Amino acid sequence: MKKIAVAIDGPGGAGKSTISKEIAKRLGIIYVDTGALYRTVGYYAREHGLSVNDAKVSDKITPMLDGINIEIKYVDGAQHVILNGEDLGDKIRQPDISMYASACSSVGNVRAFLLETQKKLARENSVIMDGRDIGTVILPDADVKIFLTASEQARANRRYKELVAKGSDVKYEEVLSELVERDRADSSRDVAPLKPADDAHLFDNSDYDFEQSVEYIIKVITEKTGVTEIEK
């Protein structure tokens, strides 16, 4: 058995989180949702009066970091993000938090603040970690790197259905607009922009359902690592 690290990057709505969770479950390893960490910082910033359109986001978010303590706990295999002692649950999944997360993730000090938390988890466990710069910045030596994407329409439709299922009163057009803007912001930022690692396996799952996507990526992991038993 060996310890492995799997990095899955890609834009919002490609299914990174749900697919990674299922793969982690089947392989018996830890799933790390790094986006939840940035959403947590974004949530804190919003609650403390930061405007996502503020031209001085970097100047204003940096002093806030001193008031942020983030812990990651796993309950029955599910990741819980604890902010200053509070389990935020689905509060960080509110639609507008996505843009706050994007704004905060463009700030170098925020990324540095969260970097060691992510690296420590990979040092101590076999992990599958998803985000936007896992294979390029967080885990550049990951055993397997996947860049998961899909068409804008397919991704927006998935995100819309997910939000509606959770009871959110949203319109598809709004979800699509926010997704396109998030793509633009993530791809054009100066710090750790969204892009595939040079050695990433590119996978467009626009025409794949959930089960097909999971099986495809597990096959890639098995082929690239050459192992079927993984040290947790």
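Ser213 counts as buried because its relative accessibility is 0% (buried means under 20% relative accessible area, with a 1.4 Å probe and protein chains only). This is a predicted model, in which local features need pLDDT of at least 70, side-chain atom pairs count only at pLDDT 80 or more, and totals for chains, interfaces and linings use all residues. Residues are numbered from 1 along each chain as its sequence is written, and side-chain values use heavy atoms, leaving out hydrogens and water.

Ser213 sits in helix H9 (helices are DSSP runs of H or I with at least four residues, numbered from the N terminus). Leaving aside residues up to four places away in sequence, Ser213 touches Ile19, Phe203, Asn205 and Tyr208, where contact means heavy atoms within 4.5 Å.

Let us look at the helix pairs next. Helix H1 (residues 16–27) packs on helix H9 (residues 210–225) at about 55 degrees, and their axes are 10 Å apart; axes are lines fitted to C-alpha atoms over the stretch in contact, and angles run from 0 to 180 degrees between N-to-C directions. H1 is therefore oblique to H9 (angles under 35 degrees count as roughly parallel, over 145 as roughly antiparallel, 65 to 115 as roughly perpendicular and the rest as oblique). On the H9 side, the contact residues include Ser213, Val214 and Ile217, while Ile19 and Ile23 are among those of H1.

Now turn to helix H4 (residues 97–105) and helix H8 (residues 172–188), whose axes come within 10 Å and cross at roughly 5 degrees. So H4 is roughly parallel to H8. Ser98, Met99, Ala101, Ser102 and Ser105 of H4 meet Glu178, Glu181, Arg182, Ala185 and Asp186 of H8.

Methods:
Helix = DSSP H or I, 4+ residues; strand = E, 2+ residues; numbered from the N terminus. Buried < 20%, exposed > 50% of the residue type's maximum accessible area, 1.4 Å probe, protein only.
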